[in-house]
Structure formats: C-alpha cells, structure tokens
Amino acid sequence: MDTYIGQQLEQYKIEAHIGSGSSGTVYRATDLNLERLVALKLIKPSLTKQPARQQQILQAAQAASRLSHPAIVPFYNFGQQNGHLYLVTAHVDGISLERVLGLLAQGDRVLRLDETLHIVAQIAEGLGYAHQAGVLHGDLKPGNILLKLLERPLRSGDPALKAMLADFGLSPIPDSGIPEGLTPEMARPLRRYLPYLSPERQAGQTVDGRSDIYSLGVILYQLIAGAQFAPLPDSQQPLRELRPGVPADIANIVAKATAPSLAERYQMAEQLGDDLRRAASRLTAADTTLFAPKATVVDLRTLLAEDQTAAPVRPPLTSLEETAVPTASPPQPDKEPEDATPVLPLGQKAPQSESEPGQEPPPPTILRASPPPAIGDQIIITGQGRAPRHFGMNKAKITVGRAADNDIVLSSLDVSRHHARLEQVGNGWRIVDVDSRGGTFYDGRKINPQKPELWQPGEKLQIGPYFLQWQLADEIEANPEEQTPAEPVTELFQVAAEGSQVQASHSNFSVALNPTQATLAPGEQTNLQIDLFNQSSSMLVVKISLTGLQEIATLAQDTVSMTPGARATVPLTFQLPAVEQPFLAGQHPFQLMLHAEGPPVETAVLQGQLTILPEEQFELSIWPAHVEDGGTCRVMVRNDGNVHSTVQLTAQDPAGKLQFFGDEQPLRLEPGSTGTTAYRITHRKKRPFFGRVRQIPFEVEIRSSNGLHQNKLGHLEVRPRFPAWVLPLIQLLMVLLLIAVVLNSVLGNRENTVEIPPTALPNDGSVESPPLTAAQLAGDDDNDGLTGEREVVIGSDPFNEDSDGDGLLDGEEINIHGTNPLLLDTDNDGLMDRAEVEQHNTDPTLADTDLDGVSDGQEIANGTDPLQFQSGNTAVTQTNPTTEDHTEHDPVATLSPPITLAPSDDETTVEIPLNADQSGWLTSDGDVESGPGEWPQAGDLVDGTAVRGLLTFSLADIPSDAVIRTAFLRFADPTLEGVPFDALGCLQIDFVEVSQPPDNTAYDAPGFFISCEAASPSDIDVTFDVEDALIQGQNQLSLRLGFETESNGDSVADLYVVRTAPTLEVTYLLP
C-alpha cells in the first residue's frame, strides 16, 4: 500500500496512508491545483473489473457530490486513470469511530454518555438530509463515521466535537442480501459488516432510509453498552441489563432504532436525532459518567491523545452464525428445575425470574453460598474526603448507617441512621437494605428493601457517597499494604451548605465546589472555590476543564499535582463585561470535568449554575441630526442589554414651534436587535421670504418599561425662500424700474400696441382680452403684485386682482403661497386656497398636510385635525385638476366632497425594472448570492441559516432635482416556500445604502423601517426612500427584505421567494 506514497494521480500528490477497507485504500494527498489537503481513496482493482460494481460506485459518487451538510464529508471529485478508479473527499483531521471503539475495548472503557448521544444525533441529522435528497448510505458502520474536536460547539448545548459521514454507497454486500452456504474463506471478509446490517438488508429485501436508521441504532447500542450488538431477538441482551445506570428514555430510543420490524422502527432519521438531543438535555452529571459503574468513562479528547501513541486496534468481529437472519425458531435448551437458582461463576449475579401472566409466581429464590471468607477478609470503605479504610469481617452480622451504634458509621446526610446490614449465610455474605431513604446500590442497580441479595467478593456496594468492597484475605496477602484500624468513617472536611462535593469514579480523589450557585451582574465578577483531596496512596495529577460560560470564566490553573492525602484549592472566577453582554439574563449551567491519568483513569464531574442579573442598555441614534423644514429624521434604537425590552419613542421641541408626524408605537427589542422609525418635522409657520437661516432644537427620547430613558438632540433648519442679499437687489431693481417708467412717460408718452394671443380667463365668458400697451405690460393695473406682462404669461387677468375668485390676490398666490391663481383649490383636497391659508393653517399645495393618509378636506369634514398625524391610514395620492368651475364661490367656503381628477401634464411616471445583476440574497454567515438566477428571498434555510433578500433599482432616469410625488414597489405573483409568515413573523422591508457588489456587511448594515407585511404584499410605499436616495446622491435604490425573527431553527426552510421581478413605479414633478 505504501508503493503509491510520493506518486501523483492527476493533480493529487499522495503523501501518506490513512487506512484500508473492503472497498479500497485511503491516502492523504494534496490537490496541487487548489493547494489543499484531501482524502483520496483508491478503489480495489477487483471491484473495478466488475462493470456492474464499477457503475454502482460511480453512481454513488455522483449522488454524494450533490450532498452538502455539516455532518457529511464533502465530496470533491472522482475519476479513473491507468485502470485506477479513485474518489476524492475533504480531509478530516480526526479519528474514526471504529478506532474509538477499539481504544475503548482495550481497557473496559466507555465514552461519556452526553458525547455519545450528540455524536449519534449529528449523524442522524446528516442521514435525514441525505434521505430527503433520495440518497441512502447503505454501508453505515463505525469505520465510516469520522470525529474531530472543535474549538467551540456547533450549536448551543453540544459538546465541542463534530461527527461526519463518509463513503456513501460503497457496501460490499450485494442488493440480494447475504448468500447462503458461504465457505469460511468467503464469509470472513463480511464479518465486520454483518452486525450493522438491518434484517431486511441481510435478507435481500427492498430497503429504504429505515435500514440506515437500524445501522445507526446498532452503533448507538455498541457505544453505550461497550459490547457488540447481537441482532437475533433471542440472543440480544437488553441495554439496561448491561448498563443499569442508563436512563430509561435512552434505552427506549436504542430499542426503537434497532427494532426488527420496520413499522416499530423510527420512520425518519430526524426523529431519532431530535429524541437523542432531548434525552441529552435531561442528563445529570451522574448520568453522564456513572451509567457504567464497572467501566471507566472517558471523553473523546482523552482518546484522541491516546491515539497519538497507541498501536492499531480493531473492534471484535462477529461470525455469520451470530448475525444470520433466522429461518426457523432456534431449539430451546432444557429448562432447569424451577425451584433452584443456578450457582453463577464468581463475579456474576443471579438472573431475575419473572412470572408470566396467569401463572403462579415462582417460589422464593434460594440463596446459594458465596465462596467462604478466608480468615482476615476485610471490607474496604472509600468515602468523600478520606483515604480508603478497612473493616474486619469478624462478625456474623455487620450494620451500616449514620448513627453511632452501627458497626460501620458513614457520616453523610445521604445515609440513613440505620441503612443496611451485612449477614453471613453459611460460608457467604448477603446484603439487606433496611428501608433506607436513599437506597442501596449493588452492581449499579438499586436493590429491593428487605430482600437479601448475594454479595460477591470484589463487587462494590454504594451507600450514599460511599463504596464498600469485600476483599479476600489472599488478595490482601498478594498485595500487602499498610492497614488502618477499623473505625467509624467520617468526612475529612465539611462542605458549606451552598457547596457540593462528589467523588471520582474510582474514589481516588474527591472534589468540592463552593458555592455551586452564584449571581453576577454586568460589569462585576464573582469568585468560586474548587477543593480537591487525594484519597489514594500515590501521586495524582488532576486536569480541570470547564464546559459552559468559557467566555467569562478564568481558572487559576487547569492542572493540579497532589501527594497522597494532600489537599489543593483552585479559584474559579466569572467576570461579565460592562457592555456587549455575551449572555442573556437568567440561569446558565456550567460543568467542571476533573480527569486524572491512571491507571486507573479517574473522572469526576461537578455541576454549577450562574445567574446573570438583568440589565437594560440602549444606543439611540438619529440621522440626520440637522433636518430641513419638512424633512425626515430617522431614529434607530439598538438593545445592548441582556433582556428583552419594550421602549416608547417620543419627539418634542421645548419651544412648541415644531410639528412631528410619525408612528410612535412601542418597539419590542430582543437583546442585540435594532428597531427603527421616522419622523417628518415641519415648522408651524410658513417659511419667511427673506432673512437668515434659523435652527430650532428638538429632542427624541426613548423610555423603557422599567423607566430607563435616553434622549438625542437635533435641529430643524428653517431657511427663507430667498437669501438675505436678494431683498436689497429687488429694491434696487424697483428703483431702476421706476426711473425707466418716468423717463418713458416724459420722453414721448407714446403708446406702443403689442399683439397678445387671446387668453381664456376663469371669470370671463367668451370675450377675448384686448392687446396691452407697453405701460400696461410694465405696470400693475390691478394692484395684485404681478405686472401685466407676468399675468399674460401666467394666464391670469391683468385687470382682476383675484382671477380665480378665491379671496387671495394673484400675486399673493404666486409669490407667497405657491398656489395657482387660476384654481380655487390648488391641491384638490376639498378646501379653497384661502380657507387653508387663513382658517385651517394647512398647506394649500399639499392635499394631505399631515401625511396620515386622509386629505385635509376629508379630515375637516370628519372633525379630525388635518395637522395631526393619524396612524393606520394609507397615503393620499395627490392629483391636480385640469378643469375648474367658473361659478361664484364663498372665499372661505369648504369644497366637499373632494374631486378626484387625472394627474396634470407636469407629472411624469416611470416604471423601473429590477436590476438582476445586483439583486439576490444575503446570509447571516456573510455569504452573498447575487446576479441572474438568484431570486431575492427572505427567511431561513433548512440548516437554520438566516437569509435576507436584496432588491436593487437604478435611479439614473430620475432627474436629481425631481420632486417625488409617489413611489411604489409593485409585486406580481410572488412564490412562497414553507410558512414564513406563521413561522417567522411579518415581512419587513427597509432601505439600505450598500456599495455594489454587496459584501458580508450588507446583512447587518443599518437600515430604516418602511413596512411590515403579515401576508404577501402587492405594493409597498417607498416614497421616502426614493427621496432619501436622491438627496444622498445615490444613483440606485437598494431595498432589503427580512423578517422580525431571523430564524426559528426548525430544520425546515421558511422562505419568501420573489420569482417574478417587481417594478419600481415613481411619479415626479420637475421644479
């Protein structure tokens, strides 16, 4: 196999041998083109000579190349050169599960229960993804599962490890199943696969994803039990018989995953993964490490360290006879007499007999004698904080309890006053629990009260935190050591009431944590104390590691060396920063793992809890801080605290000179989230014609429900209609004009007739206007503030000061109010211009002064204030009338109802298509997908990745000085995937200024709230955002789509997909 090392296959240079299997040999190689490490598998030539088998391998490679999941090893390439078929995948720097099982089998060890559950849960999630894609693995065994350690967990609650699946579809077992009558030589290569084959796979029946689930269940059984799985129902030992300490719900999961019947088995791998994660979340510290009392529990990190120096190992194999599919009922062995219990070999326990329904219960079990105790047999007692003690077994009855009148005194509140007794029966001993409160445990299971059970030499009893072991005299003589006199066992040091203390798995050391529960506020720190005691007779080196809260925790030292009988204290400090809280307020568990190298390897686990106190922090910002009269001020609030908060926004000015229009609904903010709103700010009085720029201060304030408040100051700039220097200039021009008129009159008083095109005036029927003289053109005969020449151009009557009869002079309408002197109601809102100016103080050029969606005339008719914003209304589309009623009107009358007329010729409406090259979607991980074919979408993907859509439109066709009347985003036939509006909340659309092409900062770029849609929108008002883009000098408009909640993590894609490109419809006027 080493002959290929150093050679090059295509662009892959082979560097080292990794391992071999039934289908080929795996090498570590370097992809010279991409300069990355890969795993290259050379398929055995014997397989490539079979055309059907070669086609099967190529089809499996094609299927695997379409899979992309964290629990599946990425597939890169496959090919054939010089008769060698090869597959290329990512190189995983870790260890195979087959190697892990081999290392565990060397020392009667098992993996931590929590790590086992999360490993299998990750693989189950990867299997579920592959099954949904229509791909079966077909060869699931420990050798095809790779494990690697991570710096931090992939998800909250997981250990810092990653499990990955490899070698899809490379099983050597034919689809027809296992042939009958195989010779030993032919059967030998199949032995390592048979324990993991489902019954239907062995029988050659049609298989689906449930066959892979069965294989994964067998692996789960093997990891927990530390023994090979026997698939025959009559030969399989239930998991809790091998591991009595395993929680019942985990045993039920294993039984369901390995059920022979397809109907009783898990139907989807995702269900298996979900059940395993729920079971892992309910594990206690004792469940994690004490479920296998006879075995040593180790973690994956320890095994990886051993793997660097250990020799190659392989788990035990299984014969064909042990795994063959049964064709007939196996012969029943002759039954023993029901009145006798067989004598078990030393170290085994008698099997429990259960009566069948409807039968008489069996007679009481006859206690067989244990091997007789030799003279000098002793009980070895190990307890918290004490070195091992010895008690001579020189009495026929030995009592155990907390009270001082017992033979063996165990000082612990977990031990009853009179807990248990040891009785000599013939030449043996039995243990009797005397209705204790906490129970007596033998071989990891709780014995029934008042029911004697045999006690075997070398076996341990557990009473509270103490262990009692019967040691024969000949063993003591073979291993002499200094004996201590029998005396009541007490604790060496007391643990505070708020602390906790546990003993290592082999009682060589004990550890206490004080306190186990602490409280911490942001910006503060708290100190805990870890006390260790060496109870063994040898030097101990204990390593300490912390799981949970590592970001804020500091261990004074992570390795402690202790001489026999010595104590050590290690401070543990938690400190929270004052800002940018890494954790939410509430209770946060953490776990201390203490590990001592053997032999034997010792572990102890302590659980603690840190309660983080709530604190509110906000960052308030407004933009721009200097707003022009009638402009928009954006407000953004970010929750920098560690609790959910609701804030109320208000805007006000101390002088009472300003009006604020906007939505002041409370903002509900998650920790780290941002909320936005906007205010339109206007001065209560009209802009002056002349003068200097004035700045009027205002403030925006936020106040939380708990009373915390902040404010930001801004200024409204009120600019005159004309600069200050214009007034002297006008005065000068008036003087010059007066001089010219006088000179003209003095020099000739000559009349020059000028032909003027006839103009239809509003108050004139059919009479054409006579031509005006030069004096009339230059003068103002009707004293309305407009020259005759200006009125001819406008179309007003030069001899009528109020052409439209609305009570306002023509010059006043043109120069002061900006209204049309030919129209009674310039903005068509149902109110005459004079009524708006003198009576209602509304804007005669704007149909909806307060922009609340209701016209001024309608608000007057409804009795509401046209100057006060009313939330919940739809924006009014303003139109200019093209015709006018020439009848007489009351100068201050109200026109009701309003007349809706077609837009004037001055308005221009453009439809702007979506810029597909710069549109697409962004992810919370920083990925950017834009360009043709990348439909804008919002929501979350199957793996929980949050997605936001990006819609980009060009504004190049809109003049920079255009006055935007309306702008709408028109949607047509959007397509929904999943149920995003139910799962993620309402669709939010905000304007985002990002550079093109967008980078990974665009996802979190500050944006401003526009609309929140609870269903598929048909159109969205984006008028303010088009205005902002033009004011900022942008040549394009970028709109971002998102949801209130970024992702709900339900492993289902919840997406709003825009498959029909929307258009941007903009209506504008030129000044």
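Strands here are DSSP runs of E with at least two residues, and helices are runs of H or I with at least four residues, both numbered from the N terminus. Two strands count as paired if DSSP finds at least two bridges between them. The model is predicted: local features need pLDDT of at least 70, side-chain atom pairs count only at pLDDT 80 or more, and totals for chains, interfaces and linings use all residues. Residues are numbered from 1 along each chain as its sequence is written, and side-chain values use heavy atoms, with hydrogens and water left out.

An open sheet of five strands runs in the order β34-β41-β40-β36-β38, with mixed pairing. β34 (626-628) and β38 (667-669) are the edge strands; each has a single partner strand, so one side of each lacks a neighbour in the sheet. From one strand to the next the twist averages 30°, with axes taken as lines fitted to C-alpha atoms and angles running from 0 to 180 degrees between N-to-C directions. Three bridges join β34 to β41 (residues 709-718) in the parallel sense, and H626 lies opposite H715 in β41.

A cavity is a set of points, on a 1 Å grid over the protein atoms alone, where a 1.4 Å probe fits but cannot get out; lining residues have an atom within 4 Å of a point. Volume is the space filled by probe spheres set on the points, which are joined across faces, edges and corners. The whole structure holds six cavities of 30 Å³ or more.

Conventions. 1 Å grid on protein atoms, 1.4 Å probe; cavity = no way out; pocket = protein on both sides within 12 Å on 5 of 7 lines; lining within 4 Å.
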